[in-house]
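Good morning, colleagues. Please bring up the sequence and the model, and keep both in view while I speak.

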Amino acid sequence: MPEDLPVVERHHYVDEEGRACPVCAAHMEEIGSETRRTLGIAPAKAFVILDVIHVYACKACDEKAEPVTVIKASMSAPAIPGGIASPEAIANIF
C-alpha cells in the first residue's frame, strides 16, 4: 500500500465481563495486540484501516497454568482471506 495514505485506527477490545479468566475467573490483563491492514475507500478518497486487536492474559494463572490462558478481542474476518481490500473498497469497484 502507498506510504502516503492516511491511516484510520480501529481498536477491538474485550469487554470487562469477557476478561474473566475461563480457568480461574480472575481479571485478565492486556499483554499486547495484533494488527491487520486493509485498504479502505470512501467516495473519492482512499485510506488505510489499521485494526488493533488487543490480547489479554490471566496473571493469576500465569504461575500455575500450563499453558497460560490467553484471549484476544474478536473482529470480523477479512472480506477476502489474505487480501488487503475492505468490504467498502470492494463495493466501490462494482
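I shall go through the confidence of the model, its strands, its nonpolar core and its salt bridges.

Let me state at the outset that this is a predicted model. The mean pLDDT of the chain is 89, and 98% of the residues score at least 70.

I turn to the strands, with β3 as the point of reference. Strand β3 covers residues 45-57, and eleven of its 13 residues are buried, so the strand is largely enclosed by the rest of the structure. Which strands pair with β3, and in what sense? Strand β1, residues 7-12, pairs with β3 in the parallel sense over six bridges. In that pairing, Glu-9 stands opposite Leu-50 of β3. Strand β2, residues 29-42, runs antiparallel to β3, and 13 bridges join the two. Gly-32, for instance, has Val-55 in β3 as its bridge partner. Strand β4, residues 70-72, is also paired with β3 in the antiparallel sense, over three bridges. There, Ala-57 has Val-70 in β4 as its bridge partner.

Two backbone details deserve mention. Strands β2 and β3 form a hairpin with two residues between them, and Ala-44 in this turn has a positive phi of about 60°. Ala-25 also has a positive phi, of about 75°, although it is not a glycine. Ala-25 is found in the loop between β1 and β2, and with a relative accessible area of 57% it is exposed.

Next, the interior. The largest nonpolar core has eight residues: Val-14, Cys-21, Met-28, Ile-53, Tyr-56, Cys-58, Cys-61 and Ala-73. If we set aside residues up to four places away in sequence, Cys-21 touches Ala-26, Met-28, Cys-58, Cys-61 and Thr-69.

Is Thr-38 buried or exposed? Thr-38, in strand β2, has a relative accessible area of 4%, and since buried means under 20%, Thr-38 is buried. Beyond its neighbours within four places in sequence, Thr-38 is in contact with Met-1, Phe-47, Val-48, Ile-49, Ile-84, Ala-85 and Ser-86.

Finally, the charged side chains. How many salt bridges are there? The count comes to four. One of them joins Arg-19 and Glu-16, at 3.7 Å from N to O; Arg-19 counts as buried, at 15% relative accessibility.

Another joins Glu-34 and Lys-72, at 2.8 Å from N to O. Glu-34 lies in strand β2 and Lys-72 in strand β4, so this pair ties together parts that are 38 residues apart in sequence. Both partners are partly exposed: Glu-34 has a relative accessible area of 35%, and Lys-72 is at 45% relative accessibility.

A further salt bridge is formed by the side chains of Arg-36 and Asp-51, at 3.7 Å from N to O. This pair links distant parts of the chain, with Arg-36 in strand β2 and Asp-51 in strand β3, 15 residues apart. Asp-51 is buried, with a relative accessible area of 0%. Through salt bridges that share partners, Arg-10, Arg-36 and Asp-51 are joined into one network.

To close, I return to strand β3: β1 pairs with it in the parallel sense, β2 runs antiparallel to it, and β4 pairs with it in the antiparallel sense. Thank you for your attention.

Technical notes: Residues are numbered from 1 along each chain as its sequence is written. This is a predicted model: local features need pLDDT of at least 70, side-chain atom pairs count only at pLDDT 80 or more; totals for chains, interfaces and linings use all residues. Side-chain values use heavy atoms; hydrogens and water are left out. Buried means under 20% relative accessible area, exposed over 50%, partly exposed in between (1.4 Å probe, protein chains only). Two strands pair if DSSP finds at least two bridges between them. A nonpolar core is a set of buried Ala, Val, Leu, Ile, Met, Phe, Trp, Tyr and Cys residues joined through side-chain atoms within 4.5 Å. Contact means heavy atoms within 4.5 Å. pLDDT is the predictor's confidence in each residue, from 0 to 100.
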